[in-house]
Every structure is written in structure tokens, then in C-alpha cells.
Amino acid sequence: MQAGHLDWAYTAVERQLAAAARASDPLLEGMAVSTLSWVLLRQGRWEQAQDIAVRKAQDLKPGFMKATGPQLAVYGNLLTSAATPAARRDAHDDAMTLLQAAEAAAVRSGPVRSYGTAFSVVDVRTQKVNISLAGTAPRPDRALEFAGDIRLESISRPVHSAAHRVDVAQARYQTGDSDGALATLLEVEAEQPEWIKFQADAVATVGEMLETERRRNTPLRAIATRLGVEPAL
């Protein structure tokens, strides 16, 4: 997925679902559906991506009094997966409702690492930043408000931290803080130089910034070159 090979990713998740069925493990199947939702999202199939994640979350919804950490983590991940395509479809209220339920699960579970993924309150809160930038009417001011509630050091996974800061850079640019956006992107590039090349949002933000850049030999032009962004003619 990160390298942009969506067909291969779809094949991989099909095999993941088949393996989960053979193992008779509903939580493993739930994580596979969460991954499938992500694949469908990247393919632009937003309604399907939301629907399969919501239906599986409903199937696996745990009783909060007796729920285990892994049960809450899988349930919360499915809700988070559903929120992004909802926001892409401009259903921001639905997306926020899903994330509120996911955050309640995260508060109940505490930080959980299970089934090859992590789940915590900060994971949900970074997603609030992301969905605020989605759809035809992004709300970058709101995204920055949500970002203000997140301490970077609380994000345990380096790529997750990088993805969050790409969102913050996009919000900063959209609110007129081009210098802050560029500084954030350069920081992410220094830490994740190969990863950032495959991030459409980072490339798009650099491209938009480059269209208004009139100076030569600036750090912006340098990162644009490294990301393969061509200036508009």
C-alpha cells in the first residue's frame, strides 16, 4: 500500500481474510477487514470502505464491562477505518461520531499492541486531524486545534508520527503558514526520506506551495526536486 501497488495490496488482504477464516479468529478477521477498508479507500471506493468497516465493527462490538484490550483495539480500529472514507464523502458529522466511539474504546482499553497494530487515544486523536482535512470543504483551522491536543512524543510509531506531521503541514499551508508547513515537511523528510516520496498529501502540498514560489534555490525547490514535483508551467 505504501508503495502504491494497490492490486498487490488487495491480493494480500484477500489472503489475510482467508487465513483468518481458517484460524477461526474473529479478531484477526476484523483486522483484515480494517486493512481491506484502507485498500478500498486508496482505490477511491469510499462508500464500500466505510460500509465494510462499520458492519464488521457492529459484528465485533464488545461489551465494555468485560471487553479485553484486543477486542477493544480491533473494534476501535474498525471505527477509525470507517471514519476516513466518511469524511472523504463529506459526512464529517458521521466521521466524528465514529471517532468519538473509537476514542471511548481507547480510553477503556488503554494503549494496546495486538494483531500487528497499535491502538490508543493518541491514534484516534491524530485521525481527527486527518479527517478535518478530508472532503470538498476541508477545515484546516479545526485540524490545527485537534493537533494542539497531541504531544508528538506520545506517538510511539515513527511512521505514524510522520503521517500526522504531514497532515499538520497541510493544515498550516492551508491557513497561510507556508514557512511552518515547509519546516514541518523538511523535518519529516529528514526522518523518513524514502517514505515521504510515496505520500500523496505531502507531494500535493509541496506542489501547491511551489506554484506560488518565486524565489530560486530555496529549500522548497530542493524538496520539490527530491519528491519529483514539477513546477506548474
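This is a predicted model: local features need pLDDT of at least 70, side-chain atom pairs count only at pLDDT 80 or more; totals for chains, interfaces and linings use all residues.
Is E153 buried or exposed? At 61% relative accessibility, E153 counts as exposed.

E153 has a partner. Its side chain meets that of R151 in a salt bridge, with 3.2 Å from N to O. R151 is exposed too, with a relative accessible area of 52%. Exposed here means over 50%, so R151 at 52% falls in that class.

How many salt bridges does the structure hold? The count is eleven. I will go through a few of them.

Take E29 and K56. Their closest N and O atoms are 3.5 Å apart, and the two residues form a salt bridge. This pair links distant parts of the chain: E29 belongs to helix α2, K56 to helix α3, which covers residues 46-60, and 27 residues separate them. On accessibility, E29 is partly exposed, its relative accessible area being 28%. K56 counts as buried, at 15%. The cut-off for buried is under 20%, which is why K56 gets that label.

Next, E191 and R165. Their side chains meet in a salt bridge of 2.6 Å, N to O. Which of the two is buried? R165 is, with a relative accessible area of 6%, while E191 counts as partly exposed at 45%.

There is also a network: salt bridges link E103, R125 and K128.

Now to the empty spaces. Rolling a probe the size of a water molecule over the atoms shows where empty space is left.

The largest pocket has a volume of about 1,500 Å³. It is lined by 40 residues, and those closest to its centre are W38, L41, Q127, N130 and A163. Where does the lining come from? At least two residues each are supplied by α2 (26-42), α4 (69-88), β2 (117-119), α6 (121-132), α8 (158-174) and α10 (200-211). Sorted by class, the lining has 19 polar residues, 15 nonpolar and six charged.

Two of those elements, β2 and α6, have a loop between them, and S120 is found in that loop. S120 counts as buried, at 12% relative accessibility. The side chain of S120 makes a polar contact of 2.8 Å with the side chain of D123. With neighbours within four places in sequence left aside, S120 is in contact with A106 and P111.

Last, the cavity. The structure holds one cavity of 30 Å³ or more, and about 30 Å³ of space lies in the largest cavity. Which residues line it? They are M31, P70, A73, V74, N77, V112, R113, S114, Y115, T117, A118 and F119. The largest share of this lining is four residues, and it comes from α4. Along with α4, both β1 (112-114) and β2 supply at least two residues each. By class, eight residues of the cavity lining are nonpolar, three are polar and one is charged.

To go back over the main points: the structure holds eleven salt bridges, the largest pocket has a volume of about 1,500 Å³, and there is one cavity of 30 Å³ or more. That is what I have for today.

Definitions and conventions. Residues are numbered from 1 along each chain as its sequence is written. Side-chain values use heavy atoms; hydrogens and water are left out. On a 1 Å grid over the protein atoms alone, a cavity is a set of points where a 1.4 Å probe fits but cannot get out, and a pocket is an open set with protein on both sides within 12 Å along at least five of seven lines; lining residues have an atom within 4 Å of a point. Grid points are joined across faces, edges and corners, and a volume is the space filled by probe spheres set on the points. Ala, Val, Leu, Ile, Met, Phe, Trp, Tyr, Cys and Pro count as nonpolar, Asp, Glu, Lys and Arg as charged, and the others, Gly among them, as polar. Buried means under 20% relative accessible area, exposed over 50%, partly exposed in between (1.4 Å probe, protein chains only). A polar contact is a pair of N or O atoms within 3.5 Å; within protein, one must be able to donate a hydrogen and the other to accept it, and residues adjacent in sequence count only if both atoms are side-chain atoms. Contact means heavy atoms within 4.5 Å. A salt bridge is a side-chain nitrogen of Lys or Arg within 4 Å of a carboxyl oxygen of Asp or Glu.
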